[in-house]
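Me: I have a structure open and want to learn how to read it. Where do we begin?

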Amino acid sequence: MGRKVVAGNWKMNLGLAEGVQLVKEIEANYTSNDEIRVMAFVPSLFVSTLADTASSLEIGVQNFYHESKGAFTGEISIEQVTGCGAFIGLIGHSERRSIFGETNELLKAKVDAAVANEFEFIFCCGEPLEVREAGNENDHVRQQLEESLFHLSANDMKEILIAYEPVWAIGTGKTASTQQAEDMHSAIRSWISEKYGEDIADSVSILYGGSCNPQNASELFACENVDGGLIGGASLKADSFCSIINA
Ligand code: PEP
């Protein structure tokens with residue numbers, strides 16, 4: 001399956017000094033190797049400093065805009081991000097979709113800008129609670145992928161990382177069961193396979209996100225189609241984040 005990845009999403013938490021400390025503590029506690037990529041999606045203001053502080057921990061941004069420059073107050077471009085030392089970003093986190101109104105169409109523009117700039121990204125998808133309760137989670141997630149991602153060429157698709165994050169599990173302490181996670185991850189892989197073939201589907205890393213913690217990580221990561229995790233709350237402390245990496 002895809003390469004293993006454990007990624008922290010700090011969201012709008014921590015000050016700069018705390019962030020520097022956390023990067024140092026994480027790096028003191030895990031040994032980086034070829035099998036697992038470890039990354040942290042940090043507040044964009046901190047990117048320069050944290051990219052200088054980190055040696056093997058990859059520093060990424062939680063958001064970016066698809067235009068390269070101009071009158072877009074408050075936004076940051078891919079060129080600005082890479083100029084500050086980060087080479088990967090999140091696209092389509094559920095908080096960007098629900099709080100900031102990001103649509104599948106806008107996310108497609110971000111996907112295209114990232115691909116054009118050879119900027120790596122994790123594409124986040126996942127269904128809200130009411131969609132799961134109505135039994136429509138597969139249609140919902142498939143539509144997110146179809147409308148923002150599945151126009152890519154096979155060559156570009158094989159570089160993509162996907163995070164499946166059921167919205168009802170994010171920051172709620174409620175985790176998807178291993179069955180729910182595996183069912184969706186294998187569905188995502190089968191949709192990629194239908195469109196791009198099995199080799200490409202197998203090369204895409206599909207991460208699980210949603211209240212993943214040191215207690216449940218090994219069970220989730222043992223699922224055949226789960227290639228790692230996108231971790232919110234539990235990435236803010238080195239001990240819990242490193243336990244998840246070790247899982
Ligand atoms: C996230 O924000 O991507 C996330 C998974 O958060 P948490 O782990 O806190 O549920």
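Reply: Begin with a cut-off: a residue is near a molecule if one of its heavy atoms lies within 4 Å of it. Keep in mind that this is a predicted model.

Me: Which residues come nearest to the ligand here?
Reply: Of the 14 residues around the ligand, the nearest are Lys11, Glu165, Gly171, Ser211 and Gly232. By class, the shell holds eight polar, four nonpolar and two charged residues.

Me: How much of the ligand's accessible area does the protein cover?
Reply: On its own, the ligand has 290 Å² of accessible area, and the protein covers 95% of that.

Me: Now the rings. How is an aromatic pair described?
Reply: By two values: the distance of the centres and the angle of the planes. The whole structure has three aromatic pairs. Take Tyr65 and Phe72: their ring centres are 5.1 Å apart and their planes meet at 45°, so this pair is tilted.

Me: What kind of pair do Phe150 and Tyr196 form?
Reply: An edge-to-face one, with 6.0 Å from centre to centre and 75° between the planes. Phe150 sits in the loop between α7 (137-148) and α8 (154-157), while Tyr196 belongs to helix α9 (residues 178-196), so the pair ties together parts 46 residues apart in sequence. Phe150 and Tyr196 are both buried.

Me: What lies over the face of Tyr196?
Reply: Lys195 does, at 5.5 Å from the ring centre. Elsewhere, Arg96 lies over the face of Phe100, at 4.1 Å from the ring centre.

Me: One last residue. Where is Leu236?
Reply: In the loop between β8 (228-231) and α12 (238-246). Its relative accessibility is 24%, so Leu236 counts as partly exposed. Now compare sequence with space: Leu236 and Leu22 are 214 residues apart in sequence, yet 7.5 Å apart from C-alpha to C-alpha.

Methods: Residues are numbered from 1 along each chain as its sequence is written. This is a predicted model: local features need pLDDT of at least 70, side-chain atom pairs count only at pLDDT 80 or more; totals for chains, interfaces and linings use all residues. Side-chain values use heavy atoms; hydrogens and water are left out. Rings of Phe, Tyr and Trp (its six-membered ring) pair if their centres lie within 6.5 Å; planes under 30 degrees apart count as stacked, over 60 as edge-to-face and the rest as tilted. Helices (H or I, at least four residues) and strands (E, at least two) are DSSP runs, numbered from the N terminus. Buried means under 20% relative accessible area, exposed over 50%, partly exposed in between (1.4 Å probe, protein chains only). A charge sits over a ring if NZ of Lys or CZ of Arg is within 6 Å of the ring centre and within 35 degrees of the ring normal. Accessible areas come from the Shrake-Rupley method with a 1.4 Å probe; for residues, only the protein chains shown count as cover. Ala, Val, Leu, Ile, Met, Phe, Trp, Tyr, Cys and Pro count as nonpolar, Asp, Glu, Lys and Arg as charged, and the others, Gly among them, as polar.
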